[in-house]
Amino acid sequence: MSVDEDARWLEWVTKQFESIAGEDKEIDLEEFKTALKVKESFFAERFFALFDSDGSGSISLDELLKALNLLIHGNETDKLRFLFQVYDVDGSGSIDPDELRTVLKSCLRESAISLPEEKLDDLTLALFESADKDNSGSITFEELKEELENFPEVMENLTISAANWLKPPDSQKKRRHTPRYLTRAYWHNNCRKLLFMGCYVCLNILLFTFAALKHTTAGFWVMVAKGCGQCLNFNCTFIVILMLRRCLTWLRATWVVRVFPLDQYVILHQLVGYVMFGLTVVHTGAHIINFVLLTQTANSYHLWEYLFTTRPGIGWVYGTASITGFILQFLICMMLICSSTFVRRSGHFEIFYWTHLCYIWVWALLVIHGPSFWKWFCVPGFVFLLEKIVGIAVSRMGGLYIVEVNLLPSKVTHLVIRRPLFFNYKPGDYVYINIPVIAKYEWHPFTISSAPEQHDSLWLHIRSMGQWTNRLYEYFRQPEPMSNEPKRLTTNLRNRQHQKCTQEHLFNSIGFNGAVATNKDDTIELTSYKPSRLPQSMTAESIIQTEQGEGAQVRELSTKLSENHRFCNIKCYVDGPYGTPTRRIFTSEHAVLIGAGIGITPFASILQSIMYRYRMRKQNCPNCNYSWCENLKDNEMKLRKVDFIWINRDQKSFEWFVSLLTKLEMDQADEEPEGRFLEMHMYMTSALCKNDMKAIGLQMALDLLAKKENRDSITGLRTRTQPGRPDWSKVFQKVAEERKGKVHVFFCGSPVLAKMIKAHCELAGFKFYKENF
């Protein structure tokens with residue numbers, strides 16, 4: 001920091017200290033813990049002990065500033081010395097294995113990572129054996145410094161990141177000279193949307209102008225009302241076109257998608273809704289002002305008669321224009337409010353769903369209200385009605401049943417639905433599902449998480465975030481009703497047969513080759529397998545390996561259904577499929593898939609389909625075990641590289657999907673001509689970053705153990721889980737340096753993160769597509 005910045009920081013820390021300290025102008029341990037905001041008191045106690053240089057049991061401002069000055073202005077050796085003192089709990093001048101284990105255990109709690117005691121021992125030994133260069137049984141300061149030199153990225157900014165009042169405030173960033181919306185990159189990435197919006201605005205202006213000029217003799221406010229009315233005729237019709245999901249899905253496969261922003265039809269639908277609201281307010285206000293003027297110039301009717309009766313005869317159907325106008329104004333306002341993000345994302349999707357059905361009344365009242373609306377509406381309305389009839393017919397054809405349910409961590413419900421014969425869809429498509437036992441008349445959209453190549457079933461992964469999804473989760477948590485008791489033996493037999501097929505498919509997919517035999521105690525024996533392809537972490541099944549080496553036997557595999565897994569036969573209806581922006585993934589050359597939390601769902605189907613097509617290209621040497629994938633382009637898939645990025649808040653959020661990712665990792669060849677086709681990048685935001693003093697030891701141990709075991713301790717994947725949030729500038733810079741072709745970024749997650757990633761994509765010159773979830 002410069003001299004001025006240092007002075008400002010000193011003044012700022014002093015002010016923060018005085019706000020925390022009491023009348024004695026010192027901070028005790030409890031106040032220090034509160035200010036530090038650490039989850040684990042171990043580090044607060046260690047930092048407090050080191051800051052309290054005189055051992056008085058409290059920290060003065062001078063002691064705090066002296067310690068912070070060392071951490072912020074000190075050199076690399078000073079920071080390492082402080083870190084060593086944190087780990088040296090007994091102050092002996094060296095770190096023994098028990099001390100290191102205590103620190104790592106506190107690191108795990110601080111980062112919200114839960115590992116078994118055996119794994120903690122493995123982490124401790126991995127780090128200790130690597131740092132104890134002379135095998136003396138303890139780690140000295142010089143050995144710790146030498147070990148840290150192998151992790152240069154850690155030493156870039158070694159800090160204590162938990163307490164904002166201990167860190168210097170960020171200096172104000174220089175403002176951009178050019179606004180984002182005027183940059184060349186923004187116009188290049190949004191040219192279709194901007195062109196469409198320009199045409200949309202111009203068309204509304206033309207309609208308003210022509211309608212207003214026809215009524216110049218009636219006065220200014222009549223001109224405004226008529227102009228807005230004509231624009232409403234167009235917008236209330238155009239919003240129908242944006243609701244034709246089947247037509248839009250079909251158009252995605254044509255040249256139209258290159259001209260019109262079909263991928264953003266949801267945003268356009270919302271925009272038209274806001275425009276309709278604004279036009280109705282101006283239209284209604286202009287008519288009210290005109291009625292006021294009429295009551296002043298002509299004494300035939302009072303204002304309330306103009307507004308709430310049919311006596312003046314205004315309107316082409318029995319003079320009901322005023323009454324229907326007020327009803328329309330109320331309905332449009334209610335629909336706008338209930339469709340806001342606050343309502344939909346706060347667990348009240350049903351409010352949005354039922355109030356949005358008022359569009360039927362809106363269109364009916366518009367036909368009565370305006371004499372020209374039916375001319376605009378007849379063709380789009382007929383197509384919309386035809387779509388609805390087709391949708392109802394398709395959804396009711398054949399018997400669809402939920403045949404299997406898995407309740408996964410993070411309150412995710414995995415539904416397995418028997419797939420209809422002629423149900424064809426693309427990876428990333430979504431459907432509307434109705435489950436009468438949950439809600440008889442409600443339809444909810446969810447992305448299909450199974451690949452199209454999976455012909456026997458459809459998968460839906462549903463996160464419990466609202467009333468309907470919570471009812472679904474709780475319904476399957478309840479024990480099966482007693483009415484099913486007479487068919488218990490039949491059900492058990494069917495479950496055994498189904499499970500045997502499922503297990504055979506499972507082991508074949510993960511590399512087992514051998515006979516499968518069912519024992520009397522509901523276990524399965526496998527006589528041979530390839531241990532090199534055995535997944536290290538499986539959440540659905542418990543695999544117990546009793547012997548080591550090639551040709552060993554897996555003696556026991558539990559196949560009993562848990563309370564979170566059941567087979568069933570529940571009636572449901574499915575409407576769809578409908579296309580999404582992710583359909584463009586296969587026309588990309590380098591695709592970057594970014595999912596945040598449950599936002600991974602659209603990519604589940606895509607990743608499985610990609611790897612299926614990848615396996616079709618796979619070549620194997622007849623003389624050895626070497627395999628590779630020919631880097632060919634075809635009409636179905638032009639992909640040369642896929643980067644998959646999954647961001648989760650905590651460790652538990654990874655559990656429900658990790659088994660599929662494990663299988664995808666196995667599908668890839670160990671060596672390929674141009675590097676790995678699919679690369680995974682996992683981020684856990686609750687974990688502290690590598691340069692944080694409270695996490696540096698843990699992250700080093702996780703790195704060392706991952707290299708030793710060839711798998712990550714958190715997820716069980718080969719891909720190492722990275723702590724903290726991604727640095728998008730570095731991520732996209734690395735993607736650009738790979739030069740695998742045009743880069744398209746597909747994102748599904750929170751709107752706030754979407755805006756951030758979109759801004760970085762524009763700077764990097766990448767195409768950005770946002771998927772709704």
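This is a predicted model: local features need pLDDT of at least 70, side-chain atom pairs count only at pLDDT 80 or more; totals for chains, interfaces and linings use all residues.
Residues are numbered from 1 along each chain as its sequence is written, and side-chain values use heavy atoms, with hydrogens and water left out.

At 25% relative accessibility E709 counts as partly exposed, whereas K119, at 11%, counts as buried; buried means under 20% relative accessible area, exposed over 50%, and partly exposed in between, with a 1.4 Å probe and protein chains only.

Which helices hold this pair? E709 sits in helix α24 and K119 in helix α7, 590 residues apart, helices being DSSP runs of H or I with at least four residues, numbered from the N terminus. The axes of α7 (residues 117–131) and α24 (residues 696–709) come within 8 Å and cross at roughly 95°, the axes being lines fitted to C-alpha atoms over the stretch in contact, with angles from 0 to 180 degrees between N-to-C directions. The two helices are therefore roughly perpendicular to each other, a label for angles of 65 to 115 degrees.

Helix α24 also holds D703, which forms a salt bridge with R720, a residue in the loop between α24 and β18. D703 is buried at 12% relative accessibility, and R720 is buried at 13%.

Methods: Angles under 35 degrees count as roughly parallel, over 145 as roughly antiparallel, 65 to 115 as roughly perpendicular and the rest as oblique. A salt bridge is a side-chain nitrogen of Lys or Arg within 4 Å of a carboxyl oxygen of Asp or Glu.
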